[in-house]
Structures are given as structure tokens and as C-alpha cells.
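Let's take a friendly walk through a protein model and look at some of its local details. Keep the structure in view as you read.

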Amino acid sequence: MSTDSMLRPAPATPATDAPRAPARPTPAAAFHTVSAVTAVLFGLVAIGAMIHEPVLIPPLAASAALVHNAPTLPLAQPRSVILGHLLGAGAGYGVLALTHSSPWAAALAGAITLAATMLARTPHSAACATAVIVVLQTPAPGRFVPLLFGATVLLVLTGFAASRVRRAAPKYPAYWW
């Protein structure tokens, strides 16, 4: 069973017509997915340690889970992962330029990111969290944005590589752009 089938609900039975939870992944599929996500997250931590900058942020962990566990969904595609996070950072810095760091401003930045990703056809829910982090943590854009870009490209490349390692895994990406 592929990891793609984990995300689709099992067909409804005629007696109930109620949707069912996704099928449990095979042990091999679960091990492959968890190993790939662990490797890329450790890689982001290692890069951060080498350059003395935080590279792993919570939204990137969510993106890694999407790329490796739901590789055929639109939210996991390269354009959504990379552009989504960049739109989130842009929304966060835009809100900061107009106001100060506050939970209210962070909520606004998250909402603006959702609207921007919808308009750009780059759905990626984790990008909303990137906007929130920018507003609440106020990282220097000259350091944060290049690191964010590099990290998202790394997530996409590891998704591509990992999908080629296990034969039964769905191939990632479903489309590049």
C-alpha cells in the first residue's frame, strides 16, 4: 500500500455511507516515511549548527511531513512548499512594516498568507505558521529569507530522492511547478 492511499479515506460501506479513516500504512511505508522526515529534519538542525543560525522552524517540520507523507497532495508540491513559505515570510514582514509584533498582528499575517497562497494557487498550510513566526520572533529578513528558501528547496529535493528509494512509494513531486 502506498503512502498516498493512507490519506484517502477508505470507501464508505453501503450500509453506513460514512467516511472512514485512512488505511494504516505498511510497516515498510511507515518506516520509510518516518526515516526520511527524521533525516531531513536532522539535516536542517546540522546546517543550523554549522552556521550558528536556527534553520529548523516548526513550519518546516510540518512541510516535511506533508512532502513525505502526502506527496501527491497539492499542499506538498514544490511550488506550494517553496512559494508558500516565501509568501508567508513576505506577509509577516509586510504586517511588521505596518504594525508592531503582537499576537493580533501574527494572526493577521497568517490570514493574509492564506489569502495569498490561495490567489497564487500555492496552497500550503504550514506557510501560515511561517508568517506567524516572522511576526512574533521578528527575525532579520536578510538572514531568515535565504535560510527559509534553502530549507524549503532541501525539503523538496529530499522528497524527490526519498520517493525514488522505495519502489512502492508514490513518486514525488506530482508536478514541479
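In the loop between helix 5 (103-119) and helix 6 you will find Arg121. Keep in mind that this is a predicted model. Arg121 has a positive phi of about 55°, although it is not a glycine. Why does Arg121 count as exposed? Its relative accessible area is 60%, and exposed means over 50%.

His52 counts as exposed because its relative accessibility is 71%. Most residues other than glycine have a negative phi, and most peptide bonds are trans.

Here are the two residues side by side:

| Residue | Phi | Relative accessibility |
|---|---|---|
| Arg121 | about 55° | 60% |

For a peptide bond that is cis, look at the one joining Tyr172 and Pro173, where omega is about 0°. Pro173 is found in the segment after helix 7.

Next, the surface. Ile47, Met50 and Ile51 form a nonpolar patch there, with about 280 Å² of accessible area together. Ile47 lies in helix 2 (residues 27-51) and counts as partly exposed, because its relative accessibility is 31%.

Finally, which residues line the largest pocket? Among them are Glu53, Pro54, Ile133, Arg143 and Phe144. Helix 6 (126-137) and helix 7 (141-165) each supply at least two residues of this lining. The lining divides into seven nonpolar, one polar and two charged residues, and the pocket has a volume of about 160 Å³.

Notes. Residues are numbered from 1 along each chain as its sequence is written. This is a predicted model: local features need pLDDT of at least 70, side-chain atom pairs count only at pLDDT 80 or more; totals for chains, interfaces and linings use all residues. Side-chain values use heavy atoms; hydrogens and water are left out. Patches are made of residues with over 30% relative accessible area and no salt bridge: like charges are joined within 9 Å, nonpolar side chains (Val, Leu, Ile, Met, Phe, Trp, Tyr) within 5 Å. Accessible areas come from the Shrake-Rupley method with a 1.4 Å probe; for residues, only the protein chains shown count as cover. A salt bridge is a side-chain nitrogen of Lys or Arg within 4 Å of a carboxyl oxygen of Asp or Glu. Helices (H or I, at least four residues) and strands (E, at least two) are DSSP runs, numbered from the N terminus. Buried means under 20% relative accessible area, exposed over 50%, partly exposed in between (1.4 Å probe, protein chains only). On a 1 Å grid over the protein atoms alone, a cavity is a set of points where a 1.4 Å probe fits but cannot get out, and a pocket is an open set with protein on both sides within 12 Å along at least five of seven lines; lining residues have an atom within 4 Å of a point. Grid points are joined across faces, edges and corners, and a volume is the space filled by probe spheres set on the points. Ala, Val, Leu, Ile, Met, Phe, Trp, Tyr, Cys and Pro count as nonpolar, Asp, Glu, Lys and Arg as charged, and the others, Gly among them, as polar.
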